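Please examine the sequence and model shown here.

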Amino acid sequence: MAAAEQKKSYAVIKNFKGLNTKANRTAIDEEEFSWIENAMPVGFGNVKITPAQSTVKDSGNADVVFGNTVTALESCNLGLSDYILAFESNGRGEYFKLDSATKANIAVTGTFSSANVSVAQWK
């Protein structure tokens, strides 16, 4: 005789306040998250999911090729334009402007570290 089927229960979370990273986890309300991976709460009941990494494509759906081995690939926004920044193993930096599909240098060889380059954008 087959075992009794387990009853499944699902938790639907719509009413959440956001992310609370206080050290004392007992201080976190039931409507708050203590840790979220690849998701960012934006306002009441709205979560944006970070997409998986992928290759950089131009407007013709061809891969964008940078001048050297890319060790860090970052994104930023300046004004109304979105950019992909490629930091390369030889210390060079290049950008790819998404709206116009143009590519150019940020800095010449030897400017940046060859590893562990990161970007932070303010305002």
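## Order of elements

From the N terminus on, the elements run β-β-β-β-β-β-β-β, giving eight strands and zero helices. Strands are DSSP runs (E, at least two residues) and helices are DSSP runs (H or I, at least four residues), numbered from the N terminus.

This is a predicted model, in which local features need pLDDT of at least 70 and side-chain atom pairs count only at pLDDT 80 or more, while totals for chains, interfaces and linings use all residues. Residues are numbered from 1 along each chain as its sequence is written, and side-chain values use heavy atoms, with hydrogens and water left out.

## Burial

Of the 123 residues, 20% count as buried; buried means under 20% relative accessible area (1.4 Å probe, protein chains only). Strand E6 (residues 81-88) is mostly covered, with seven of its eight residues buried.

## Pairing around E6

Strands pair if DSSP finds at least two bridges between them. Strand E5 (residues 70-78) runs antiparallel to E6 and is joined to E6 by eight bridges, with Glu74 opposite Leu85 in E6. Two residues separate E5 and E6 in their hairpin, where Gly79 in the turn has a positive phi of about 65 degrees.

E6 also pairs with strand E7 (residues 93-97), in the antiparallel sense over five bridges; here Ile84 stands opposite Phe96 in E7. The hairpin of E6 and E7 has four residues between the strands, and Gly91 takes a positive phi near 90 degrees.

## A buried loop residue

Asn20 lies in the loop between strand E1 (18-19) and strand E2 (32-33). Asn20 is buried because its relative accessible area is 8%. Not counting residues up to four places away in sequence, Asn20 touches Arg25, Ala27, Ile28, Glu32, Phe33 and Ser34, where contact means heavy atoms within 4.5 Å.

Methods:
Buried means under 20% relative accessible area, exposed over 50%, partly exposed in between (1.4 Å probe, protein chains only).
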